[in-house]
Amino acid sequence: MDLKDIEIQALEKVNLASERLNEIAYFNTEKVIKAFRENKVSDFYLKPSTGYAYSDMGREKLDAIFAQIFKAESALVRSQFVSGTHALAVALLGNLQAGDELVAVTGTPYDTMQTIIGIKENGGFNKGSLQDLGVIYKEVPMTGSIPDYTAIKKIVTKNTKMVHIQRSCGYSAIRNTLTVAEIGKLIKTVKDINSEIICFVDNCYGEFVEKIEPTEVGADLVAGSLIKNLGGGLAPTGGYIVGKQDLVENASYRLTVPGLGGEMGATLGDTAREFYQGLFLAPHIVMQAVKTSIFAASVFQALGFAVKPDAEELRSDIIQCITLKNKQKLCQFCEAIQSNSPIDAHVKPVPSPLPGYQDEIIMAAGTFVQGASIELSCDGPCREPYNVYLQGGLTFEHGRLAIMAAAKIISNDK
């Protein structure tokens, strides 16, 4: 089968999925519009604030909108979060103290989360990490691609303070990304042990891929990034935390200071408008990214590469893993994506060490917002089996173009 036939076959698979994906986008758009309408969003809320930003109504309304969309009690949506990892760290550090037990029930978290929890370095823990501060950490490996419920029931006890659930597969080609229904099953298992255990979900890459979010199946606390799904490609920075009011409030004291929390924090420049407009666009943009992932899975599977998930599988995040078998093909793939990006297309990505990662990383990110993974980007650690993780795509057309460029280079190299 030549590349043109492979492309046509991939387009057919995208078209087969489009009716279902468009319905999800419609459902979530209706959810966003309802929240905007019921919170009476007006032009006034899109204005910047300065200094301490007390009584920033635009900031407070956006919190209320996020809480409504997630069917949660409270939300903290801030430009002061420098990344999704930062939002996750604030949620953890605000709700765990020395002697508390944290159990990761979906196996070892991805690389940057490991630095928050605390990995051993030179005989000790990372400075300021949870374990460095006295939090007890345990984890339950996945059994292949699914949670090990038998082990969870043994390791999670009534004395456990919090469980960590990672929705996305991260840098693992073994485990699956969890659906919201699967997250609900995990939460029920934990709550049956002790209903007071905090169920915390790392929701990065998953928002608006389904019609419901983890807070609707019992998650007490959820966090993620605004330069991923919910920023809609417009948010220039930021993150969010949603969930039970007391837990979100505790987190806010670690973002700013105890006693002030979410009552302060300026929304500078045009950020408020970008947050609101990005959220409005997000349901549509997320499905552009999902269609791009389906297309990529179909093309590279036809070329003989292992992909996860495959083109026909239901999805719960925007990430597509492709096993490229060697470092040369990994680099070629990233170079092709970069050279077909709107920004820095002339730049050649090279493997290099990045803070928080254990191996050299090669990354293609020719994005309008630095590091925005709702925009078309890809990255992968330079270690066997040389998986590349593709995500994003503000338009399916751009995704199709870049993926076929990568396919051409790699198929010619065979």
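**Note on a predicted protein model**

1. Lys 40 is found in the loop between helix 1 (3-38) and helix 2 (helices, H or I of at least four residues, and strands, E of at least two, are DSSP runs numbered from the N terminus). Lys 40 has a positive phi of about 55 degrees, although it is not a glycine. With a relative accessible area of 65%, Lys 40 is exposed (buried is under 20%, exposed over 50%, partly exposed in between; 1.4 Å probe, protein chains only).

2. This is a predicted model, in which local features need pLDDT of at least 70 and side-chain atom pairs count only at pLDDT 80 or more, while totals for chains, interfaces and linings use all residues. Residues are numbered from 1 along each chain as its sequence is written, and side-chain values use heavy atoms, without hydrogens and water.

3. Lys 71 also has a positive phi of about 55 degrees and is not a glycine. Its place is in the loop between helix 2 and strand 1. Lys 71 is exposed, as its relative accessible area is 56%.

4. Most residues other than glycine have a negative phi, and most peptide bonds are trans. A cis peptide bond joins Lys 308 and Pro 309, with omega about -5 degrees. Pro 309 sits in the loop between strand 10 (306-308) and strand 11 (319-323). Another cis peptide bond joins Glu 384 and Pro 385, with omega about 5 degrees. Pro 385 sits in the loop between strand 13 (377-381) and strand 14 (387-391).

5. As for the whole chain, it has 10 helices and 14 strands. Its radius of gyration is 21 Å, close to the 22 Å that the globule rule gives for 414 residues, so the chain is as compact as a globular protein of that length (the radius is taken over C-alpha atoms; the rule is 2.2 Å times the number of residues to the power 0.38). Along the principal axes, the C-alpha atoms fill a box of roughly 60 × 50 × 40 Å. Of the 414 residues, 57% are buried.

6. The whole structure holds 18 salt bridges (a side-chain nitrogen of Lys or Arg within 4 Å of a carboxyl oxygen of Asp or Glu). One of them joins Arg 78 and Asp 63, at 3.0 Å from N to O. This pair links distant parts of the chain, with Arg 78 in strand 1 (residues 74-78) and Asp 63 in helix 2 (residues 57-69), 15 residues apart. Both Arg 78 and Asp 63 are buried.

7. Asp 100 and Lys 161 also meet in a salt bridge, at 3.3 Å from N to O. Asp 100 lies in the loop between helix 3 (84-95) and strand 2 (101-104), and Lys 161 in the loop between helix 5 (149-155) and strand 6 (162-166), so the pair ties together parts that are 61 residues apart in sequence. Asp 100 is buried at 16% relative accessibility, whereas Lys 161 is partly exposed at 29%.

8. The salt bridge between Lys 188 and Asp 192 is 3.0 Å from N to O. Both residues lie in helix 6 (residues 180-193), 4 residues apart, which is about one turn of the helix. Lys 188 is exposed at 53% relative accessible area, and Asp 192 is exposed at 55%. Elsewhere, Lys 4, Glu 7 and Arg 400 are linked in a network of salt bridges.

9. Ala 302 lies in helix 8 and is partly exposed, with a relative accessible area of 37%. Its C-alpha atom is separated by 21 Å from that of Gln 288, 14 residues apart along the chain.
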